[in-house]
Amino acid sequence: MSFSYGVKETIMQTKYKNSCCRRALFQGVLTSKGYVEEVSKICINLENTDMTDFVGGLIKEFFGQSITVS
């Protein structure tokens, strides 16, 4: 297992009780892996499908929107 994979696993297994912690996590992912493609379209490049599901859950929680994976 690579170091980065281990870190991602730890992040996804941690239960974040406070919404501010989940928002900070989402902001970190968006800052490091995301970009705005159109006015209402945000793209996040993730290689790990488990992380994609995790981030998709955060997007659903905060914005009430489902994600499209391509």
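**Salt bridges in the predicted model**

Author: At 59% relative accessibility, Glu47 counts as exposed (over 50%; buried is under 20% and partly exposed lies in between, with a 1.4 Å probe and protein chains only). This is a predicted model, in which local features need pLDDT of at least 70, side-chain atom pairs count only at pLDDT 80 or more, and totals for chains, interfaces and linings use all residues. Residues are numbered from 1 along each chain as its sequence is written, and side-chain values use heavy atoms, without hydrogens and water.

Reader: How many salt bridges does a search of the whole structure find?

Author: A salt bridge is a side-chain nitrogen of Lys or Arg within 4 Å of a carboxyl oxygen of Asp or Glu. Searching the whole structure with this criterion gives a total of four.

Reader: Which residue forms a salt bridge with Lys8?

Author: Lys8 is partly exposed, at 23% relative accessibility. The closest N and O atoms of its salt bridge are 4.0 Å apart. Lys8 also belongs to a network of salt bridges that includes Lys33. The partner of Lys8 at 4.0 Å is Glu47.

Reader: Is Arg22 buried or exposed?

Author: Arg22 forms a salt bridge with Glu61, their closest N and O atoms being 2.8 Å apart. Arg22 has a relative accessible area of 17%, whereas Glu61 is partly exposed at 39%. Arg22 is therefore buried.

Reader: How far apart are the closest N and O atoms of Lys41 and Glu37?

Author: Lys41 is partly exposed, with a relative accessible area of 36%, and Glu37 is partly exposed at 41%. In their salt bridge, the closest N and O atoms are separated by 3.1 Å.
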